Amino acid sequence: VRLRIHTLGQFSLLIDDRPVHTSNQAARKPLEVLKALAGLGATDVGLAQLGESLWPELDGDRAHNACHVAIHRLRKLLGDDSVVTVDSGTVALKPSDIWIDVDAFRRLSARLRTWLAAGAGSREAAAQLSEQLLAAYPGHFLPSEDRPWAVGIREQLRTRFVRLASELAALLEARGALQAAVDLNRHGIELDPLAEIFH
């Protein structure tokens, strides 16, 4: 995997395992496109949706053009024209070259939801899934980003984590894996001090 994108807890971008400095003002909008693609799902994101989300102050055509310019600059920043594709009005990141923490969390949460619904796993399996969940969700999505598109994604992911973590913690407690339950609840409290379910 050539690119690694971290958005949970903080933003970081690694190319060939080397961190990319993201404080450059000229890179701000291209990186915002990258963050939005990471959060919205990385594949088949509508160009119109991206334009409306990132340039709400511009009308349709101008937002569309701004989007194309930012994508062009993003490709230059990443050093690879093929990593961001635009086709039939949709934008996508090339999955074979990119690892995104949000995608990894969504895959784990789908697996965990299925496992919890089945309700027949062992204590060891529950403890292992708890460790994976802690590693996959170190913090909320782009916590310092206050744009509406980011706030919406952050709330969606936060809700998913709270629900899964609280269900898994209850199951761990019922199965006698008390330390794993405590660790999961403690992590939940660190991220959401007011979430009563973890207390």
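In what order do the three strands of the open sheet stand, and is their pairing parallel or antiparallel? Keep in mind as you look that this is a predicted model. The order is E4-E6-E5, and the pairing is antiparallel. At the edges you will find strand E4 (45–46) and strand E5 (84–87); each has a single partner strand, so one side of each has no neighbour in the sheet.

E5 is joined to strand E6 (residues 90–93) by four bridges, in the antiparallel sense. To see it residue by residue, find Asp87, which stands opposite Thr90 in E6.

Now bring in a helix. H1 lies across E4, E5 and E6, and runs at about 90° to E6. H1 (residues 28–40) also meets another helix, H2 (residues 47–54). Two packed helices are described by the angle between their axes and the distance between those axes. Here the axes come within 11 Å and cross at roughly 120°. Angles from 65 to 115 degrees would count as roughly perpendicular and those over 145 as roughly antiparallel, and H1 and H2 are therefore oblique to each other. Their crossing is right-handed.

Which residues make this contact between H1 and H2? From H1 come Lys29, Glu32, Val33, Ala36, Leu37 and Leu40, and from H2 come Gln49, Leu50 and Leu54. Sorted by class, the contact has six nonpolar residues, one polar and two charged.

There is a second sheet to visit. This one is open too, with four strands in the order E3-E2-E1-E7 and mixed pairing. Strand E3 (18–19) and strand E7 (98–100) are its edge strands, each with a single partner, so one side of each is left without a neighbour in the sheet. E3 runs antiparallel to strand E2 (residues 12–15), and two bridges join them. Ile15 has Arg18 in E3 as its bridge partner.

Is Ala177 buried or exposed? Its relative accessibility is 11%, and buried means under 20%, so Ala177 counts as buried. Leaving aside residues up to four places away in sequence, Ala177 touches Arg123 and Leu172. As for Ala48, that residue is 129 residues from Ala177 in sequence and 48 Å from it in space, C-alpha to C-alpha.

Key
Residues numbered from 1 in each chain as written. Predicted model: local features only at pLDDT ≥ 70, side-chain atom pairs only at ≥ 80, totals over all residues. Heavy atoms only, no water. Axes fitted to C-alpha atoms, helices over the stretch in contact; angles between N-to-C directions. Parallel < 35°, antiparallel > 145°, perpendicular 65-115°, else oblique. Left-handed = near helix turned anticlockwise from the far one by under 90°. Contact = heavy atoms within 4.5 Å. Nonpolar A, V, L, I, M, F, W, Y, C, P; charged D, E, K, R; others polar. Buried < 20%, exposed > 50% of the residue type's maximum accessible area, 1.4 Å probe, protein only. Pairing = 2+ DSSP bridges.
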